[in-house]
Amino acid sequence: MPRRRIHVTGTVQGVGFRPFVYRLAAELGLAGFVHNDASGVWAEAQGPRDALDALLRRLKDEAPPLARIESVEAEEIAEAPEVGFTIRESP
């Protein structure tokens, strides 16, 4: 299964972005997690390639109203044994 590490920058903290990513990932049947740090929101998502592509597209197109996306970067990473999608505490 393909897995991608995703980094979203801009006004993405304090605007409900992590719950938004969680809802999208759950709807698309993806496994992984989302969290934020000082540089933005990070997620790792694993599942069918078309669902991963849809996640990336929808992150930009359907972001919460108060969010202002500057960039969405994604890279393929190694598959990890994971079931379900979670919101992790900020490091």
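The following is a short exchange about a predicted model of one chain.

Colleague: What makes up the chain in terms of helices and strands?
Modeller: The chain has two helices and five strands. Read from the N terminus, the order is β-α-β-β-α-β-β.

Colleague: How do you know that the chain agrees with a compact globule?
Modeller: A compact globule of 91 residues would have a radius of gyration near 12 Å, and the chain has 12 Å, so the two agree. Along its principal axes, the C-alpha trace spans about 30 × 25 × 20 Å.

Colleague: Why is N36 called buried?
Modeller: Buried means under 20% relative accessible area. N36 has 9%, so N36 counts as buried. This residue is part of strand β2, which covers residues 31-37.

Colleague: Which residues does N36 touch, leaving out those up to four places away in sequence?
Modeller: N36 touches Q13, R18, V41, S90 and P91.

Colleague: What makes the pair N36 and S90 a polar contact?
Modeller: The cut-off is a pair of N or O atoms within 3.5 Å. The side chains of N36 and S90 make such a contact at 2.2 Å, so the pair falls within the cut-off.

Colleague: Is H35 buried or exposed?
Modeller: H35 has a relative accessible area of 16%. The limit for buried is under 20%, so H35 is buried. H35 also lies in strand β2. Beyond its neighbours within four places in sequence, H35 is in contact with R18, G40, V41, W42, R88, E89 and P91.

Colleague: Why is A78 called exposed?
Modeller: Exposed means over 50%. A78 has a relative accessible area of 61%, so A78 is exposed. A78 sits in the loop between β4 (68-77) and β5 (85-87).

Colleague: Where is A78 relative to Q46?
Modeller: The two residues are 32 residues apart along the chain, and their C-alpha atoms are separated by 9.6 Å.

Colleague: How much of the chain counts as buried?
Modeller: Of the 91 residues, 43% count as buried. The chain exposes about 5,000 Å², and carbon and sulfur atoms supply 51% of that area.

Colleague: What share of the contacts with a separation of 6 or more comes from residues 24 or more positions apart?
Modeller: Such residues account for 80% of those contacts.

Key. Residues are numbered from 1 along each chain as its sequence is written. This is a predicted model: local features need pLDDT of at least 70, side-chain atom pairs count only at pLDDT 80 or more; totals for chains, interfaces and linings use all residues. Side-chain values use heavy atoms; hydrogens and water are left out. Helices (H or I, at least four residues) and strands (E, at least two) are DSSP runs, numbered from the N terminus. The radius of gyration is taken over C-alpha atoms; the globule rule is 2.2 Å times the number of residues to the power 0.38. Buried means under 20% relative accessible area, exposed over 50%, partly exposed in between (1.4 Å probe, protein chains only). Contact means heavy atoms within 4.5 Å. Accessible areas come from the Shrake-Rupley method with a 1.4 Å probe; for residues, only the protein chains shown count as cover. A polar contact is a pair of N or O atoms within 3.5 Å; within protein, one must be able to donate a hydrogen and the other to accept it, and residues adjacent in sequence count only if both atoms are side-chain atoms.
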